Amino acid sequence: MDLRYPSGIAIRFIGKKLRKDLGLKDDIRYFIFIGRFSGEKNPELLIRAFKQIGAKQVGLIMLGEGPLWEDLKKTKVMTGFFYPVLKANVYDYLIASDYYISASDVEGLANTLLESMTVGLPMLLSDIPSHQEVLSKMSVTTGYIFNNKDSNSLFDKIEKVLLLDRTEVAREVQDIFQKHYTAKKMSLSYQNAYTSL
């Protein structure tokens, strides 16, 4: 394990303190969305799906900025919703969260997804090639792909991801990050692709 990235146990310990510091509740399992609040990121879809969940102990942190931010932060869905402005402490929110979620229509290999992998978060990802590629590398189920045009598909996958063994997922996700997605590994991969042209 690369010492720059804390283990799952260390992350859970740090995460408990960060939850308190960030005003998050201990008894809620938080999904985190990080990105631009704009149409192609589909933040409204996330809100519709989480409204379906209702009174369960599940929350959504939506961290970002963009043209839809003012309207979204007025949405009162449940007590587990947070809409902080994008700040320098993104990593603190990731460590304090339980799951990573992205509903993007188009995305390269998002930095926020890679950062979520360093802390071993299970993931719910929209059905686009970059997300499929990440999940295809996993040897155990670490998350699910959903149809980002259908809140019922997302709702169904939220129910499923909540059942995953978080310790097993954290180990696998961090391992795959180390094998494929560190800056050094990605640089070598790009160099190899370039020289093969």
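Rings of Phe, Tyr and Trp, the last taken by its six-membered ring, are paired if their centres lie within 6.5 Å. With that criterion, a search of the whole structure, which is a predicted model, finds three aromatic pairs.

I begin with Phe 31 and Tyr 99. These two rings are stacked, with 4.6 Å from centre to centre and 20 degrees between the planes. Phe 31 belongs to strand E1 (residues 29–36) and Tyr 99 to strand E4 (residues 99–102), so the pair ties together parts that are 68 residues apart in sequence. Phe 31 is buried, at 0% relative accessibility, and Tyr 99 is buried as well, at 2%. A stacked pair is also formed by Phe 33 and Phe 37, at 5.6 Å centre to centre and 25 degrees between the planes; both residues are buried.

What else surrounds Tyr 99? Together with Phe 31 and Phe 50, Tyr 99 forms one aromatic cluster.

I turn now to the nonpolar core. The largest one has 57 residues, and among the members that touch the most others are Phe 31, Ile 101 and Leu 124. Helix H2 (residues 43–53) gives the most to this core, with six residues. Beyond four places in sequence, Ile 101 touches residues including Phe 31, Phe 50, Leu 124 and Leu 154.

Finally, Leu 124 stands opposite Tyr 144 in strand E6. From E5, the chain crosses through helix H6 (residues 129–136) to E6, in a right-handed β-α-β crossover. Strands E5 (residues 123–126) and E6 (residues 143–146) run parallel and are joined by four bridges.

How values were computed:
Residues are numbered from 1 along each chain as its sequence is written. This is a predicted model: local features need pLDDT of at least 70, side-chain atom pairs count only at pLDDT 80 or more; totals for chains, interfaces and linings use all residues. Side-chain values use heavy atoms; hydrogens and water are left out. A nonpolar core is a set of buried Ala, Val, Leu, Ile, Met, Phe, Trp, Tyr and Cys residues joined through side-chain atoms within 4.5 Å. Buried means under 20% relative accessible area, exposed over 50%, partly exposed in between (1.4 Å probe, protein chains only). Helices (H or I, at least four residues) and strands (E, at least two) are DSSP runs, numbered from the N terminus. Contact means heavy atoms within 4.5 Å. Two strands pair if DSSP finds at least two bridges between them. A crossover is right-handed if, with the strands pointing away from the viewer, the path from the first strand over the helix to the second runs clockwise. Rings of Phe, Tyr and Trp (its six-membered ring) pair if their centres lie within 6.5 Å; planes under 30 degrees apart count as stacked, over 60 as edge-to-face and the rest as tilted.
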